[in-house]
Amino acid sequence: MFLCLAARAEGDDLRLVSGDGYAPFTSQELPGGGLLAQVVTQALRQAQVSSSLDWLPWSRGLRMTQQGKYDATFPYVRTEVLAEQFLFSEPLLVVRQHLFSLAGSVYEVDDLQSLSGSRLCYPLGWQLPVAVQAMVEQGRLVRHAPKGLNECARLLLLGRDDVFIANGPIGAAALAATGQPVSRFRRSQSAFGETSLHVIVSRGHPRAAQLLQTVDQSLRRFRGSDRHRRLLGAYLEARDRQAQR
């Protein structure tokens, strides 16, 4: 009952917004909007918290959440810049990011200098790893920012970009979306440090702490449920089927 009252203190649903093209975690083309969309919405539903989920371009959804037009958005990696304006939930998922390129083009995270002069594809509204962001700001790396990661994989094939950054599952999904054999691409052996994905709430929201408590408590309860185990099991099975193609 506490969770229900916390989320509906003003008589409204908990208003969520997410971005598209982040398969397998958030995508309007996937069942339930993707793995993390299902985790968040099912966790709230199980806790009897009424919610709604809209889909907007990443940068617009982030801006509207910061302005309080949405209660929360997800999934986001914690960065110093975002932490100045947003509060972060407990992790939805912990991931490691790699560099993806065409086969024959060797880029490694433990040798970022090899990226100098390259063309990086990284979707609009996504937060770059700190070291890579510094290279972009210094003009040593040119960033192209389309709306989604699938386009980045296609641009590699067209020769318009050289490399993109993604965690393993998302990168694999983007490569599969091209319809080309995985042998045409390369994933770096080394990876950036582990990063976690979160629900975020604007620090300026009048009920920020209460909303975040609602989300966190809902997630904790959901993680211990059979429904959560079934959801993750289905996701892992889908990944295995994709890897066998």
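Asn167 lies in strand 9 (residues 163–167); helices (H or I, at least four residues) and strands (E, at least two) are DSSP runs, numbered from the N terminus. This is a predicted model, in which local features need pLDDT of at least 70 and side-chain atom pairs count only at pLDDT 80 or more, while totals for chains, interfaces and linings use all residues. Residues are numbered from 1 along each chain as its sequence is written, and side-chain values use heavy atoms, with hydrogens and water left out.

Is Asn167 buried or exposed? Asn167 is buried, at a relative accessible area of 2%; buried means under 20% relative accessible area, exposed over 50% and partly exposed in between, with a 1.4 Å probe and protein chains only. Leaving aside neighbours within four places in sequence, Asn167 is in contact with Tyr22, Phe25, Val95, Arg96, Gln97 and Phe100, where contact means heavy atoms within 4.5 Å.

Let's follow one of those partners, Phe25. Again leaving aside neighbours within four places in sequence, the contacts of Phe25 include Gly33, Leu36, Leu93, Val95, Pro169, Leu197 and Tyr235, along with Asn167 itself. Phe25 also belongs to the largest nonpolar core, which has 63 residues; Phe25, Leu99 and Phe164 touch the most other members. Helix 2 gives the most to this core, with seven residues. Such a core is a set of buried Ala, Val, Leu, Ile, Met, Phe, Trp, Tyr and Cys residues joined through side-chain atoms within 4.5 Å.

Helix 2 (residues 35–46) also brings us to the strands, as it makes a right-handed β-α-β unit with strand 1 and strand 2. Right-handed here means that, with the strands pointing away from the viewer, the path from the first strand over the helix to the second runs clockwise. Strand 1 (residues 14–18) is mostly covered, with four of its five residues buried. Five bridges join strand 1 to strand 2 (residues 51–55) in parallel, and Leu14 stands opposite Ser51. Strand 1 also pairs in the parallel sense with strand 3 (residues 72–77), over three bridges, and there Leu16 faces Ala72. Two strands count as paired if DSSP finds at least two bridges between them.

Finally, a covalent link: the whole structure holds one disulfide, a pair of cysteine sulfur atoms within 2.5 Å. Cys121 and Cys152 form it, with their sulfur atoms 2.2 Å apart. Cys121 lies in strand 7 (residues 119–121) and Cys152 in helix 6 (residues 149–158), so the pair ties together parts that are 31 residues apart in sequence. Cys121 is buried, with a relative accessible area of 0%, and Cys152 is buried at 0% too.
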